[in-house]
Amino acid sequence: MKRSLDHMGAVRTAKTLLKLNQAEGFDCMSCAWPDPEVGHRHTAEFCENGAKAVAEEATTARATPEFFAAHSIAELDAKSEWWLGQQGRITQPMVKRPGATHYTAIEWDEAFRLIAAELNGLNSPDEATFYTSGRASNEAAFAYQLFVRAFGTNNLPDCSNMCHESTSVALAEAIGIGKASVSIEDVYQAKLIIVAGQNPGTNHPRMLSALEIAKDNGATIVSINPLREAGLTRFKNPQRPSGVVGAGTAIADLHLPIKVNGDIALFQALGALLLEWDALDHDFIERHTTGFDAWKAHLATLDWDQVTEVSGLSRAQITELAELLRDSSATVFCWAMGLTQHRNGVAAIRELCNLAFAQGNIGKPGAGLFPVRGHSNVQGDRTMGIWERPPQHFLDALQNEFGFDPPREHGLDVVDSIRGMRDGKVHVFIGLGGNFVQASPDTDVVSDALRNTRLTVHVSTKLNRSHLVCGDTALILPTKGRTEKDVQAAGEQWISVEDSTCSVHASRGPLKPASPHLRSEVEIVTGIAQATLGDRHGIAWQAMRDDYSVIRQHISRVVPGCASYEVNVRRPGGFVMPHPPRDSRTFPTSSGLAEFAVNPIDTIVAPPGHLLLQTLRSHDQYNTTIYGLSDRYRGVEGGRKVIFLHADDIAAHGFTDGQLIDIETWWPGDDVVRAVEDFRVVAYDTPRGSAAAYYPETSPLIPLDSTADGSNTPTSKSVVIKLLPAGHSPNRRKPGDPQDAVGSDDGHKRWPDVDPYLS
Ligand SMILES: Nc1nc2c(c(=O)[nH]1)N[C@H]1C(S)=C(S)[C@@H](COP(=O)(O)OP(=O)(O)OC[C@H]3O[C@@H](n4cnc5c(=O)[nH]c(N)nc54)[C@H](O)[C@@H]3O)O[C@H]1N2
Ligand SMILES: Nc1nc2c(c(=O)[nH]1)N[C@H]1C(S)=C(S)[C@@H](COP(=O)(O)OP(=O)(O)OC[C@H]3O[C@@H](n4cnc5c(=O)[nH]c(N)nc54)[C@H](O)[C@@H]3O)O[C@H]1N2
Ligand SMILES: [Mo]
């Protein structure tokens, strides 16, 4: 409430928060956690971090043309990401012309003409890349992918490429559809819930309420995580009077402090024990799966010494979880970035699927696979066709509906788009939301790549680093957000989104837009499309812009599972997309069966003297948006450049708790030294050899080429690092380089003189 009142004042706070996640209100733009059924929602159906996300968007601060006149781009680039965000909502389209030092205002139509001229001047449509962050609505996303394909490319990288792509790949192979097989009701009914590589207390706080309900119903909850995340160990439900006082509920009954990247070994060991005890669903295996015998044979060779070494867990700890699995009649497996962002992320998720198949934990009440998505509409955007590797049937449907022949070859994902720009093959970058420079790995490389382009365009609500890393020409196109009313020619519009459990529903913003010049994402996308394509292919962009139900009619004919979209999505609470494994144990894989997989335990082993670093979120950020400098649940206040280490690792390096150090990456065959400097050592309860630090401050350490097998996801959760006392990194910047306050993000800046953290 304090944050909301500070940023929005009392009236806007009441207007927004009471509409948040209500059937007639708007969808929270924070995470993709599902809403309870209509009729079972609280008056305050939101969490602390959802309220922060709303305050961040509905803030009364404004970044006007006068603001941009007063600050050069170089000056803004010396500021922290936090400071940039605090300048408020961007009020008008802004342009940086070639050679200019400042952004200046530009009319919408001129901006669109400028984009059209650059796009139409390319030798090939593949010389442009079109990024999407996961906040865009289904309507905006559908129009955007339609424009990009009508323009002639499948270069549609998105934040998913850096997020749950390993999940999408693994699940598509294993069950034939890349989405969660559960409803929120399944969570309530589960007997056992495993939360692996996820920190719901911070990133999906309303999940804790669901876990609490499950617990009240008798479920056992297990966390598998190198860190003992506070939200799982003591949860005070703010929705209950008893939740605000007292010690809170211990959500997790069992915590397995796994080493970073130890999960495949653990899952295989669990499988081996289930096999040994014959704790299997033979009927399910027989009727619905393939590959069981190979999996069984593979696990017969399991080396327990390797398992305990790699996972950092004892046989007794693993057996305790295996017994819980054995005794559970319905298990839900939840996961997030702790599994996906590793070189072997796809294999880890396939191994988790093996466990689910062995006991038939899919397609029955209280059981299933639950990848908990990040961005509020990242799943919907993919459903709408934001994908660089679209399935042929989707392209066929697009062709039928619009009469043009969409490009058939795969496009560039995030990592390949960066390579394309770096190598001078991609000349235009357009971002529908997001903060590409800070979200991508290898910050210095991606910065140079963007600067190497002719045009960068960002459709954004607020100022961020990516606006300051410009192509020859750069545009910022300010958009309305979820909190805001959207009136078009046909009257007030609403949009639709899909959550982690395939539930699709409507969202309407209650507030007057931050500036009269703002346009909606649909308006901007169709505006660019119309300027670029004109009458090409005869697509009626204007009609879509005037009335979003025109887009929804197209969606109903193109997107599988969306028949009668307009009617279904208008229902209170919306509708649930079909999911054959969940609905009928039908598996649309190539074999028509759920597929067991055999994976080696090829965990990344850090060379002697090195550690494995995972880069994660604090309690006070939304991805690259830094709300503040407090990671309350981990006891860190006032700064973000910290590294969490086991006390023995600190001692082994000859460091002390609180000391400043530099961090370097080790990457085979690479002569570049990647380093970030002046990170404060924090002794923490994590296995030896495993380190943790915040993203995006540590993103410069992640080599662009370090990606997951099969999904090309940057390995944000397993970076081999070396630690040095501060000042010893050869990469260190010279004195006189920009020095900045806390919250700095390029790793080259110093702490202030005040004590940067109090634990
Ligand atoms: N408030 C807030 N909410 C958010 C976001 C935000 O930034 N702020 N971001 C949104 C987005 S886009 C996403 S994708 C989600 C992210 O949600 P999470 O995946 O929960 O986010 P991370 O902070 O990356 O945390 C990863 C967790 O995995 C653990 N972990 C790391 N490595 C390993 C490993 O090798 N094995 C295991 N078992 N665990 C490991 C870490 O200790 C940490 O608890 O949250 C979404 N919601
Ligand atoms: N090292 C490291 N890197 C990571 C990760 C990690 O764990 N570690 N996580 C990865 C993950 S999971 C993800 S999803 C990506 C996130 O990558 P992105 O989605 O690219 O990043 P965000 O920080 O969510 O984007 C924030 C920006 O979006 C804009 N914005 C906000 N609301 C709206 C809106 O309604 N419309 C539009 N058009 N713009 C809006 C604002 O200008 C804001 O600055 O980062 C990835 N990068
Ligand atoms: Mo994400």
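Biologist: Between which domains does ligand 2 lie?

Modeller: In this predicted model, the question is settled by asking which domains give residues to the shell around ligand 2. Two of them do so, and ligand 2 therefore lies between domain 1 (63–160 + 378–563) and domain 3 (611–758).

Biologist: Which residues come nearest to ligand 2, and how is its shell divided into nonpolar, polar and charged residues?

Modeller: There are 31 residues around ligand 2, and the nearest are Tyr131, Ser133, Ala439, Glu521 and Thr624. By residue class, the shell around ligand 2 divides into ten nonpolar, 16 polar and five charged.

Biologist: Turning to ligand 1, which domains each give at least three residues to its shell?

Modeller: Among the residues around ligand 1, the nearest are Asn225, Glu229, Asn261, Asp263 and Asn623. The elements that give two or more residues to this shell are α10 (200–203), α19 (337–340), β21 (611–616) and β22 (621–622). At the level of domains, at least three residues come from each of domain 2 (165–371) and domain 3 (611–758).

Biologist: What percentage of the area that ligand 1 exposes when taken alone does the protein bury?

Modeller: One nitrogen contact of ligand 1 is with the side chain of Asp263, at 2.7 Å from an N or O atom, and another is with a backbone N or O atom of Thr202, at 3.2 Å. A polar side-chain atom of Arg617 lies 2.8 Å from an oxygen atom of ligand 1. Of the 920 Å² that ligand 1 exposes when taken alone, the protein buries 99%.

Biologist: Which strands form the edges of the six-stranded open sheet?

Modeller: The order of the strands is β4-β3-β14-β13-β12-β5, with mixed pairing. An edge strand pairs on one side only, and this applies to β4 (104–105) and β5 (128–132).

Biologist: In that sheet, which residue of β13 is the bridge partner of Ile430?

Modeller: Strands of a sheet pair through backbone hydrogen bonds, either parallel or antiparallel. Strand β12 (residues 428–432) and strand β13 (residues 455–460) pair in the parallel sense over five bridges. The partner of Ile430 in β13 is Val457.

Biologist: Is the aromatic pair of Phe130 and Tyr144 stacked or edge-to-face?

Modeller: This is one of 21 aromatic pairs in the structure. It links Phe130 in strand β5 with Tyr144 in helix α7 (residues 138–151), 14 residues apart. The ring centres are 6.3 Å apart and the planes make an angle of 75 degrees. Since planes over 60 degrees apart count as edge-to-face, the pair is edge-to-face.

Technical notes:
Residues are numbered from 1 along each chain as its sequence is written. Chains are lettered from A and ligands numbered from 1 in the order in which they are written. This is a predicted model: local features need pLDDT of at least 70, side-chain atom pairs count only at pLDDT 80 or more; totals for chains, interfaces and linings use all residues. Side-chain values use heavy atoms; hydrogens and water are left out. A residue is near a molecule or strand if one of its heavy atoms lies within 4 Å of it. Ala, Val, Leu, Ile, Met, Phe, Trp, Tyr, Cys and Pro count as nonpolar, Asp, Glu, Lys and Arg as charged, and the others, Gly among them, as polar. Domain bounds come from an automatic or database domain assignment. Two strands pair if DSSP finds at least two bridges between them. Helices (H or I, at least four residues) and strands (E, at least two) are DSSP runs, numbered from the N terminus. A polar contact is a pair of N or O atoms within 3.5 Å; within protein, one must be able to donate a hydrogen and the other to accept it, and residues adjacent in sequence count only if both atoms are side-chain atoms. Accessible areas come from the Shrake-Rupley method with a 1.4 Å probe; for residues, only the protein chains shown count as cover. Rings of Phe, Tyr and Trp (its six-membered ring) pair if their centres lie within 6.5 Å; planes under 30 degrees apart count as stacked, over 60 as edge-to-face and the rest as tilted.
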